Amino acid sequence: MSLSPIQRVSFAGRSFFLKRDDLLHPHLSGNKARKFHFLQDLSKIKEIHSFGSLHSNAMYSLSFLAKSKGKTFIYYARSDPSLHNPKGNLKGALENGMILRPLEEWPYGKELSHLIFIDDRLYIPEGGRCPEAQEGIAILAKEIEEWVKKEQKSPKIFLPSGTGTTALFLQKYLPFPVYTIPCVGDEEYLGEQFVALDPTAPCPIILSPPKKYRFGRLYLELFELWRELKKQTDVTFDLLYDPIGFATLLYHDLLDEDLLYIHQGGLMGNETMIERYKAKLDKIAKTNKGAV
Ligand SMILES: *Cc1c(COP(=O)(O)O)cnc(C)c1O
């Protein structure tokens, strides 16, 4: 894995630092490249099994890894209408040969947080939530430490969480405070995820977003924030996690020169989100016209 650059960017009149993990790999970008770093040697494995949503970045990353190593990838998910016209992560994963099975056929609990290796089959928990993920995240921590030494900083790190795997292991390997927010579930749920994954590791600091955002739901103010981010920083962020991240940083006034924001990739998922936002905006425009 090559080193990802760190750059200074400005937003809303403040400057901060950005770790560009989105540039790590065209198909395995961001934190999935880090979390799935342990899957380099698949010589004893024929099939990779995992489960989650049909829009997941982890799903696409695993489909790519399996294909590039000549393995079968089987994914358990709840059927949804997007299957009729796959786009983004789902389209890419199907093109990579992903085999879909009903979610009910996933043989383990949904809260599984370790790998299961049976015969030549490897079962990976949702979103890669397993101790082995720390292997690649330790490399990310090392890159950050080297930058800190060179720049003589005393930074605070920020990244939005899904399962919390990346934030937890980053805090485990870094002597600086790691801040995060729950994008899936609430603060309490994220805290429980940390403990389930590694009861002895120090926990990252969980910040509360300015309001409750339901994961995957559309919020026009978040879309506006995402567009403003692109305009002011010239960087494309992800639409599921990053806008909640920046809304929270602005709300808690944490955006400054000491902040290192981890860009965790996920841009393939943007396609479907942008489409849904455009449809919503069109509908609003039509309704407004009707009202005049
Ligand atoms: C998967 C993902 C996350 C969540 O990572 P966790 O380790 O599950 O907390 C955040 N941002 C992006 C862009 C992702 O793809």
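In which helix is the place of glutamine 171? The points below take up this residue, the ligand site and the protein as a whole.

1. **Basis of the model.** The model is predicted: local features require pLDDT of at least 70, side-chain atom pairs count only at pLDDT 80 or more, and totals for chains, interfaces and linings use all residues. Numbering runs from 1 along each chain as its sequence is written, and side-chain values use heavy atoms, with hydrogens and water left out.

2. **Glutamine 171.** Glutamine 171 is placed in helix α5; helices are DSSP runs of H or I with at least four residues, strands are runs of E with at least two, and both are numbered from the N terminus. The residue is buried, at a relative accessible area of 10%. Buried denotes under 20% relative accessible area, exposed over 50%, and partly exposed the range in between (1.4 Å probe, protein chains only). A polar atom of the glutamine 171 side chain lies 2.9 Å from the backbone nitrogen of valine 178. A polar contact is a pair of N or O atoms within 3.5 Å; within protein, one must be able to donate a hydrogen and the other to accept it, and residues adjacent in sequence count only if both atoms are side-chain atoms.

3. **Origin of the shell.** Two or more residues of the ligand shell come from each of α1 (31–35), β8 (156–161) and α5 (165–173). Helix α1 provides the largest share, 3 residues. The ligand lies between domain 1 (6–25 + 133–277) and domain 2 (31–131), because both give residues to its shell; the bounds come from an automatic or database domain assignment.

4. **Composition of the shell.** Of the 16 residues around the ligand (a heavy atom within 4 Å), those that come nearest are Asn31, Lys32, Asn57, Thr163 and Thr166. By class the shell has 11 polar, 3 charged and 2 nonpolar residues.

5. **Overall fold.** The protein has 9 helices and 11 strands, and 52% of its 292 residues are buried. Its C-alpha trace spans about 60 × 55 × 35 Å along the principal axes. The radius of gyration is 19 Å, which agrees with the value near 19 Å for a compact globule of 292 residues (C-alpha atoms; 2.2 Å times the number of residues to the power 0.38).

Notes. Ala, Val, Leu, Ile, Met, Phe, Trp, Tyr, Cys and Pro count as nonpolar, Asp, Glu, Lys and Arg as charged, and the others, Gly among them, as polar.
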